[in-house]
Amino acid sequence: MTEVSALHLQRLNQVTERLIASSEKKSMSTLYSHPWDEPVTEAPYLRRKERISIYGTPYWEKATEEEIQRLSLEEMVTWWAAFVHLESLVVEYYMRELNNDAFDDLPIVRDYMKHFIKEELVHTLVFKKAIDYFGSSLYAMPPFLRSFYDDNAGTGRYPLMAVYLTMVIEWIADQYQRLDVEADYVHPMAKAVVQEHWREEMRHIKWGQQMVQSLISTDDEFRRHAQELTPVYVRQLIDQGITNVECFDRIGFADPAFQDHEALLDAVLYSEHRQQLNSELIRPLLHYFIQAEIYHPDYHDIWVSQGFEADLMPLLKKAS
Ligand SMILES: [Fe+2]
Ligand SMILES: [Fe+2]
């Protein structure tokens, strides 16, 4: 373990100060940032059709148009529910860290955390409102989230694993959301919810990246864990983001084929169409993992076993 270099510290402070200024200039309001007073008139689409889980599989033909529209809504809501759960934990965890004097040697980071926590708190409230707005309800918390911050407690002076994994989740989530609403027919409220969130999450992601880059040299154990675990973690997050079988139960598809969840998940996870969507989603992250040395050749086999070889190789070639 080494101390943080003056240069790294300076860069971290610079970036963090810029993010604080941006947060003070404009941040989300539970009241004023979305068109809450506009009613939902017709059956809304919340997810672009090509990104609905069953698109490009035989199940698409087995579903009615109304079922597909409702699936687009429920699959978006399952993401929003995951945000409610995750971001509640984020608020709780970082508040506790602050109260326990985390980052006490990094006053600008402590200042940033107050903005960050306030933003995540507003997000959970807005996502809950948005779920109500569309007449849906929360989904249960995904099991892996339950002990997320306990399992990823820090190994060094700073809670870097928590900062890092929070950033990776935020990034994958935002890639999903941003691409999901990219169509004219997607309901304006869904777009507003996603785009307003994305704007703030860009700050959170930038901060997480900078924290890792600036402080990684203080914690070799974190570095090793991140190098080894990232491919496994990212695979799980990408696959879990596609759908939630509970969505299918809520809709109650008429065709009995939808009742075999195992076959259904197999079809949506491994369709050729999905591989293309996954590639589009993962590319910017892979680029970062290489540049930040989270990708390490010692663990190349893990990346391959998790299915990232085809997307990784061209980037590695370019980097070398
Ligand atoms: Fe958020
Ligand atoms: Fe966030």
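# A viewer tour, stop by stop

Start by selecting Phe103, which sits in the loop between α3 and α4. Helix labels count from the N terminus and follow DSSP runs (H or I, at least four residues, for helices; E, at least two, for strands). Before going on: this is a predicted model, where local features need pLDDT of at least 70 and side-chain atom pairs count only at pLDDT 80 or more, while totals for chains, interfaces and linings use all residues. Residues are numbered from 1 along each chain as its sequence is written, and chains are lettered from A and ligands numbered from 1 in the order in which they are written.

**Stop 1**

Check the backbone of Phe103: phi is positive, about 55 degrees, although the residue is not a glycine. Most residues other than glycine have a negative phi. Is Phe103 buried or exposed? Phe103 is buried, because 20 other C-beta atoms lie within 10 Å. The cut-offs are 20 or more other C-beta atoms within 10 Å for buried, 12 or fewer for exposed and anything in between for partly exposed, with C-beta atoms placed from the backbone.

Now jump to Glu293, in the loop between α12 and α13 (300–305). Its phi is positive too, near 60 degrees, and Glu293 is not a glycine. Glu293 has 13 C-beta neighbours inside 10 Å, so it counts as partly exposed.

**Stop 2: the nonpolar cores**

Next, colour the nonpolar cores, meaning sets of buried Ala, Val, Leu, Ile, Met, Phe, Trp, Tyr and Cys residues joined through C-beta atoms within 7 Å. In soluble globular proteins, nonpolar side chains tend to be buried together. The largest core here has 72 residues, and Trp80, Phe83, Leu160, Tyr164 and Val168 have the most contacts inside it. Helices that each supply at least two residues of this core include α1 (6–25), α3 (65–99), α4 (107–133) and α12 (272–291).

Zoom in on Phe83: leaving aside neighbours within four places in sequence, Phe83 is in contact with His123, Phe127 and Ala173. (Contact means C-beta atoms, placed from the backbone, within 7 Å.) Then pick Ile52, Tyr59, Ile242 and Phe258, which are among the 12 residues of a second, separate core.

**Stop 3: α7 against α9**

Show α7 (160–180) and α9 (220–240), which pack at an angle of about 25 degrees with axes 11 Å apart. Those axes are lines fitted to C-alpha atoms, over the stretch in contact for helices, and angles run from 0 to 180 degrees between N-to-C directions. So α7 and α9 are roughly parallel; that label covers angles under 35 degrees, with over 145 being roughly antiparallel, 65 to 115 roughly perpendicular and the rest oblique.

The crossing of α7 past α9 is right-handed, meaning the near helix is turned clockwise from the far one by less than a right angle, with anticlockwise being left-handed. On the α7 side, select among others Leu160, Tyr164 and Val168; on the α9 side, Phe222, Tyr233 and Leu237 are among the partners. By class, this contact has 13 nonpolar residues, one polar and no charged. Here Ala, Val, Leu, Ile, Met, Phe, Trp, Tyr, Cys and Pro count as nonpolar, Asp, Glu, Lys and Arg as charged, and the others, Gly among them, as polar.

**Stop 4: α1 and its partners**

Asn13, Glu17 and Ile20 of α1 are among the contact residues, as are Asp111, Tyr112 and Glu119 of α4. The classes come out as five nonpolar, four polar and three charged.

**Stop 5**

Glu196 and Met28 are 168 residues apart along the chain, yet their C-alpha atoms are separated by 7.0 Å.

Finish at Trp303 in helix α13. Trp303 counts as buried because it has 24 C-beta neighbours inside 10 Å. Beyond four places in sequence, Trp303 touches Pro231, Tyr295, Phe308, Glu309 and Leu312.

Conventions:
Contact = placed C-beta atoms within 7 Å.
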